[in-house]
Amino acid sequence: MFTNEFFKRYGFRVLVVIFFLLPFIWMGTKRTFMSNSNNVADWLPDTFAETHEYQWFLKHFPYERFVVVSWQGCTMDDSRLEMFAQKLVPGQTIDNIARWTDEQLKAELAVEAEIGNGEAVKTGKTTVKNEQQEKMAGSGEPLSSAPQPSAAPAADLPSLPYFKSVITGPRLFRLFKEMYSGEGPGAIKLTDEQIKRKMQGLLIGPDGNSTALIVTLTKEAPQGKDLTKVLEAVKEIGRECGVQPRIAADNRSAIVRIFSNAVKTVKEMIYGRNPEMNGVILGGPPVDNVAITHEGEQTLQRLAGICGLIGLTLAWLCFRDFRLTFFVFWTAIISAGVALASVSLTGGTCDAILLSMPALIYVLAMSGAIHLINYYHDAIREEGLDLAPERAVRHAWSPCFFANLTTAMGLISLYTSHLIPIAKFGLYSALGVMLQLLLLFYYLPTLLHFYPSHKIAAESTLNIKNNAPMQRIWRFWGGLMIRFAVPVVLLCVSVMFFFGYEMTQIKTSVKMMRFFSGDSEIIHHYTWLEEHLGPLVPMEVVVRFDNERCQTMNTLERLRLITEIDNELRSQLADDIGGVMSAETMTPPLPKAKAGQRKGTSQIVREKAINFALDKGRNELRDYIAVEGNRSLRASDLLYQETLAQLGITSADAERLCSVGIDDTKKLVNSPADREVGNISPEEFQEYKDKAGKWEREHGTDLWRISLRVWSLKKDIDYSQFIQDVKNVVAPIVAKADKAILETAAAEPHTKQKEAEQDDKPVISAVYTGMVPVVYKTQHELLGGLRDSFITSFVMITITISFILRSPAAGLLAMIPNLWPVFMVFGFMGNFGILVDVGTMMTASVALGISTDDTIHFLTWFRHGIDQKMNRKDATLYAYSRCATSMMQTTLIAGLGLSAFALSTFTPTQMFGIMMLAILTMASIGDLVFLAAMLNTPLGKVFEPKRKG
């Protein structure tokens with residue numbers, strides 16, 4: 001490939017190509033950074049049951065994006081609460097909150113139905129909402145009742161429909177007050193204290209007075225990285241309300257500001273941060289995702305420079321030559337840029353985990369460049385400057401290519417992980433490592449061709465037995481390893497067995513709050529919110545009622561079942577949860593059903609009235625009750641005739657509905673009533689709606705949501721055990737109710753239930769979902785991914801080294817010293833109970849691939865010595881003299897360079913930096929101690945190439 005005079009002929013073309021590609025690398029890198037977005041809920045693939053169930057839950061109970069807003073002194077009597085809420089959603093007030101909610105619900109249902117006099121109703125600023133606005137304005141309301149595009153009034157903030165609704169402690173209190181006013185027949189009256197107790201865990205803290213705003217975001221609100229705009233809009237409104245401190249104008253010069261920010265950054269890195277708590281205090285999923293993005297980017301901005309400076313300093317110490325130092329540095333920078341650009345150029349996106357990749361590629365590129373320059377200098381010493389780059393590449397091609405290949409194999413093994421950020425990190429890092437070879441074999445030698453090392457050429461010829469200090473050290477060290485080879489190997493194996501056993505004690509964690517250091521703003525905010533309001537991490541239980549087989553259980557009885565579950569959860573899991581929210585929370589207390597007693601006439605009448613009221617008000621409980629099941633009204637549907645029969649309509653009726661865009665039962669149920677739609681009169685349309693509603697009650701599946709809030713900081717909860725505890729509470733109650741339904745069905749042989757009794761599916765069941773099960777599954781997959789990726793990388797690298805050494809036995813034995821660092825570091829973590837997180841999980845396979853680099857270089861020179869008729873002892877000393885120094889240099893550059901990330905405030909990146917330093921240090925010991933000693937035991941014979949003849 002690299003013929004004589006290759007770089008003399010093509011060197012200038014190589015420089016032109018690189019120069020031409022630099023703008024594309026820059027643009028690709030910038031686009032990758034701009035795509036940085038994080039959402040822990042999206043880490044698992046759609047194929048997992050937990051992900052599927054969570055997506056299913058969001059489909060039926062949308063609008064889960066909410067932000068909790070509070071501040072120091074935010075209490076029920078704080079006048080700023082209502083001002084803040086009205087600025088977030090103009091028109092929604094404490095006086096019209098009930099009517100607003102009702103009108104908004106109708107607007108949403110109309111939008112979902114996507115009809116309007118035969119034309120689709122548009123989302124956003126819809127005709128329905130405008131009509132709603134006119135209706136409310138005509139009723140004498142002081143402000144428009146429709147949600148306006150949000151609006152932080154500040155001119156520099158975009159006017160976008162960020163906020164859908166706002167509920168505050170006083171507003172919720174007003175709703176409950178009206179609900180439990182005691183007015184009307186059969187109404188219930190609750191005192192203020194009883195209402196406040198009912199609200200605890202919702203919007204009132206343990207002290208009975210602390211409160212907050214829960215701001216629900218619209219579908220149009222930004223996603224991903226742009227969520228920052230939403231939080232900035234909240235803070236800007238906080239400034240207008242006197243809650244958030246105003247930003248003071250900074251009139252200092254640019255130089256002073258830059259210097260001041262640099263000093264502040266250094267102080268924060270040394271002494272930690274002290275976030276101010278005198279403004280708005282935020283919580284909720286959008287806040288979590290923005291915080292992850294911010295911490296990841298801040299880590300890269302602050303520590304990438306330190307990482308580069310460490311590498312640059314070490315490179316200069318290795319060569320004491322600014323020209324060579326610049327070559328190494330520049331090659332590494334371009335390599336990192338190419339790796340980052342490959343993400344956006346292949347249609348990928350960035351996340352906080354992937355932001356660790358450029359530093360990894362940077363130090364690996366520096367390591368490869370140092371090896372190549374050492375080969376280049378050896379080529380000069382052996383045969384002079386003429387064609388030295390070509391000779392260096394020919395000598396370096398095999399060890400450097402296979403070293404990068406094994407590193408890429410260690411990285412690509414992470415692609416087997418089911419955690420999407422880890423799989424992306426492995427894929428793009430492996431791609432970056434292999435693309436780096438192009439720069440290593442073409443660009444760097446071209447620079448060396450045009451700017452050769454005249455100083456090295458002026459030195460004496462190569463002599464591995466000279467009296468240089470490092471050569472004397474390696475001869476002494478190699479002599480010790482040869483003399484005590486057997487004891488050293490036995491000691492290393494014994495230590496490996498001990499720490500290998502300790503690896504079985506490893507525990508994992510991916511809890512959201514563990515991603516942040518204790519001095520981060522989000523930790524301070526969540527600590528305050530949990531102390532003053534309660535826990536925020538959501539877990540959901542959805543109780544499913546098969547309506548077709550559960551017709552004997554009316555809405556009131558279903559609500560009683562939900563109430564029983566709520567009470568048991570509050571009673572048995574009081575230490576783990578801060579609140580339980582369901583339809584029971586939003587309805588008056590129910591009259592208790594006395595088991596074994598016959599109901600009197602008055603009780604029967606009262607329960608029928610309550611059940612009628614519940615059925616009529618189901619739409620108002622839409623956040624907690626939904627119906628699953630939908631049938632098409634189109635004639636092409638396979639179940640068309642059955643659907644018509646069940647609905648009790650004709651094909652002509654179905655055709656009329658389809659002609660105005662209502663082609664399924666869900667759209668029909670959600671369409672606003674009392675509207676003339678196409679050629680269908682309001683009376684006829686209401687009749688169709690009633691039939692569709694009846695179909696849902698008889699053939700759909702009722703979904704009743706129970707929402708729990710779990711501690712994230714105040715108490716360290718084992719999510720695996722917590723999920724099981726919830727199931728232990730809910731499952732027996734659901735099973736008992738399911739059994740009762742089946743027994744009732746068995747007693748009525750002419751009902752539909754009897755026909756379906758043999759169905760394997762239960763009549764009543766429960767689904768457990770939300771962030772807690774998703775995080776637990778992520779944690780489980782973390783440990784499984786660590787195991788699977790490590791095994792995969794071990795097998796691939798072993799096969800590769802066996803191919804290089806042309807001996808399966810030699811390949812397998814060569815891998816044993818490379819297991820040494822992984823066993824040592826992860827065994828240490830298991831022994832001392834240090835949790836494995838996302839950043840830690842990546843290091844085992846990565847370090848296995850990187851540590852194999854030095855093994856390949858050492859064995860390459862060992863076998864060269866054998867080829868020159870040396871015995872194994874002399875060949876070992878020869879390998880020490882030729883590559884031990886560069887091995888130590890690359891270890892120092894890679895390990896110390898990545899160790900800069902130990903200063904990160906983003907815990908996964910911090911652990912990645914610490915682990916890489918520890919593992920690479922242990923890898924050097926594995927090669928320069930374990931491997932060297934093994935070569936001089938009887939096992940070393942398998943490494944000798946077979947002699948011909």
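**Ground rules.** I am working from a predicted model, in which local features need pLDDT of at least 70 and side-chain atom pairs count only at pLDDT 80 or more, while totals for chains, interfaces and linings use all residues. I number residues from 1 along each chain as its sequence is written, and side-chain values use heavy atoms, with hydrogens and water left out.

**Helix α14.** I looked up α14 (residues 420-450), taking helices (H or I, at least four residues) and strands (E, at least two) as DSSP runs numbered from the N terminus. Its 31 residues should span 45 Å at 1.5 Å a residue, and its end C-alpha atoms are 44 Å apart, which agrees; the expected span is 1.5 Å times one less than the number of residues. I also noted a kink of about 30 degrees centred on L440, the bend at a residue being the angle between axes fitted to the seven residues ending there and the seven starting there. Of the 31 residues of α14, 22 are buried, so the helix is largely enclosed by the rest of the structure (buried is under 20% relative accessible area, exposed over 50%, partly exposed in between, with a 1.4 Å probe and protein chains only).

**Salt bridges.** My search of the whole structure gave 24 salt bridges, each a side-chain nitrogen of Lys or Arg within 4 Å of a carboxyl oxygen of Asp or Glu. One of them joins D351 to K424, with the closest N and O atoms 3.3 Å apart. D351 lies in the loop between α11 and α12 (357-383) and K424 in helix α14, so the pair ties together parts that are 73 residues apart in sequence. D351 is buried at 5% relative accessibility, and K424 is buried at 17%.

I then checked R558 and D702, whose side chains meet in a salt bridge at 2.8 Å, N to O. This pair links helix α19 (residues 555-572), which holds R558, to strand β8 (residues 701-710), which holds D702, across 144 residues; both R558 and D702 are buried. I also recorded a network of salt bridges linking D378, R381, E382 and R882.

**Positive phi.** R320, a residue other than glycine, has a positive phi near 50 degrees; I place R320 in the loop between α10 (285-319) and α11 (322-345), and R320 is exposed at 54% relative accessible area. K869 likewise has a positive phi, near 70 degrees, and sits in the loop between α29 (838-867) and α30 (872-899), where K869 counts as exposed at 69% relative accessibility. For context, most residues other than glycine have a negative phi.
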